[in-house]
Amino acid sequence: MFPSNFAWGAATAAYQIEGGWDSDGKGPSIWDTFCHKGGGLVFEDHSGDVACNSYEFWEEDLKCIRQLGLTHYRLSLSWSRLLPDGTTKHVNQKGVRYYNKVIDDLLASNVIPMVTLYHFDLPQALQDRGGWKSPEMADIFDSYARFAFQTFGDRVKLWLTINEPYICAKLGHEDGIFAPGVKEPGMAAYLVGHNMLRAHARAWHSYHSLYRAEQGGAVSLAINSNWAEPENPTSPEDRAATERYLAFSLGWFAWPVFVTGDYPEVMRSRVELRSKGLSCQGCRLPVFSKSEPTILGTADFFALNYYTSRMVKPMSDLPQVSGFRGDRDAEEIVDPSWPVCGASWLAVVPDGLRKLLNYIKNTFNNPAVYITENGFSQVGPVNMDDVPRSRFYQDAIQEVARAIQEDGVDVRGYFAWSLLDNFEWADGFSVRFGLFHVDFSQPERKRSIYLSGREYAGIISKYRALTGTNNSQ
Ligand code: GAL
């Protein structure tokens, strides 16, 4: 059973659905630039230029939201649609108008918005100034956040500052497979992650001191993590490697915010160990300055994006002194070992969600948790009767129910990824995560509900009826 005020949601992100990439005064973002480079960086050189065209067809999205019976909808703001060069020097009023309409329409439909300030789409103008590698980003992000709280915070009460800093850092600045396409293993990702934490904390402190009393909302950041288990549960090495794996993923961002204000100890010692012999020893994983606002305590709830699980064992063949690769600092081999569906990285392990929720409860002092993303993809020919995804949602939601009822985890909401098929980053439109199918071959971008969408709507209506849920609070 779910609490009566449980949030039943679905999520999207601006660049993945909006299109209108240069409409009405929007400035370019790093994803516009990345996609326009071509050369196969993105599957078949797809781009989010038009995507689901939610910039024009928002009302179609609203129909989908209403059809599902959602109580909550998670969207992100396109920073460069609001502030074309990323700074508050120039505000694009047409962008403000767009999001005002989205928010007002949601509320008029009795749907509560959860708004992400930053979901991978940095204004290009800020990338040109160094992007997330630059320490000045904390200040700039803080100004943007204040602008958003000031403009929308009378109606938006659930805020996420940054979506998945781990993915931005690693895929954007280490592997280079996401915008801005930087490939600096072992260095840039830590710096970027650090500046994102500083930026997040600054925004949280601003909300806390300037807006909370009047607006009464809550602010967090969306942290993604796989669940992980030792390949051999009786092996101390495999177990230690698993702990490291979690420290280097979930812990990287959750530990500073929820536990100590600093990175997990094992992360510090590992990076230090693997930096030995480098001329820049001590330069890889940055140190938080005592003169800046603290990172500890800067989340009003825990926002978790969960997709999959991994089996872990230590790597044995690592070069110990030189030639480090940042993606090997955790020193383990991860191996799906569970059946993979859709996208190649997505092993389906619904009970990994329950285990991860328990881990969060025990490690981070039983916080209120919103599952801000969880979902299942389809690749290849479209199947509107997507039975595997329907089962996936049944199973995942069952695991959440168990976590609440049997384990006492304080889960407040569940957001399916995603409302619509959309631009799935480097996979373009080849991977479909929607509860609604979108016909990308037609200018109308017609939305049609999948079987899994009907299934999710059924689950929501069943539980809302059982608990007398209303979301007018
Ligand atoms: C997350 C991301 C979403 C979506 C999802 C599915 O990492 O926040 O934007 O793409 O993965 O891959």
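Visitor: In strand 4, which residue is the bridge partner of Met-114?
Guide: The partner is Leu-158. The model is predicted, so local features need pLDDT of at least 70 and side-chain atom pairs count only at pLDDT 80 or more, while totals for chains, interfaces and linings use all residues. Residues are numbered from 1 along each chain as its sequence is written, and side-chain values use heavy atoms, with hydrogens and water left out.

Visitor: What makes strand 3 and strand 4 a pair?
Guide: Strands are DSSP runs of E with at least two residues, helices are runs of H or I with at least four, and both are numbered from the N terminus. Two strands pair if DSSP finds at least two bridges between them; strand 3 and strand 4 have four bridges, in the parallel sense, and therefore they pair. Strand 4 (residues 158-163) also pairs with strand 5 (residues 218-224), again in the parallel sense and over four bridges, and Leu-158 has Ala-218 as its bridge partner in strand 5.

Visitor: How do you know that strand 2 pairs with strand 1 and with strand 3?
Guide: Three bridges join strand 1 (residues 7-11) to strand 2 in the parallel sense, with Ala-11 standing opposite Arg-74. Strand 2 and strand 3 (residues 112-118) run parallel and share five bridges, and His-72 stands opposite Ile-112.

Visitor: Why is strand 2 called largely enclosed?
Guide: A residue is buried under 20% relative accessible area, exposed over 50% and partly exposed in between, using a 1.4 Å probe and protein chains only. Five of the five residues of strand 2 (residues 72-76) are buried, so the rest of the structure largely encloses this strand. In a regular strand the side chains alternate between the two faces of the sheet. Here His-72, Arg-74 and Ser-76 are buried on one side, and Tyr-73 and Leu-75 are buried on the other.

Visitor: Why is Asp-61 called buried?
Guide: Asp-61 has a relative accessible area of 0%, and therefore counts as buried. Asp-61 is placed in helix 3 (residues 54-68), and its side chain makes a polar contact of 2.6 Å with that of Ser-54. A polar contact is a pair of N or O atoms within 3.5 Å; within protein, one must be able to donate a hydrogen and the other to accept it, and residues adjacent in sequence count only if both atoms are side-chain atoms.
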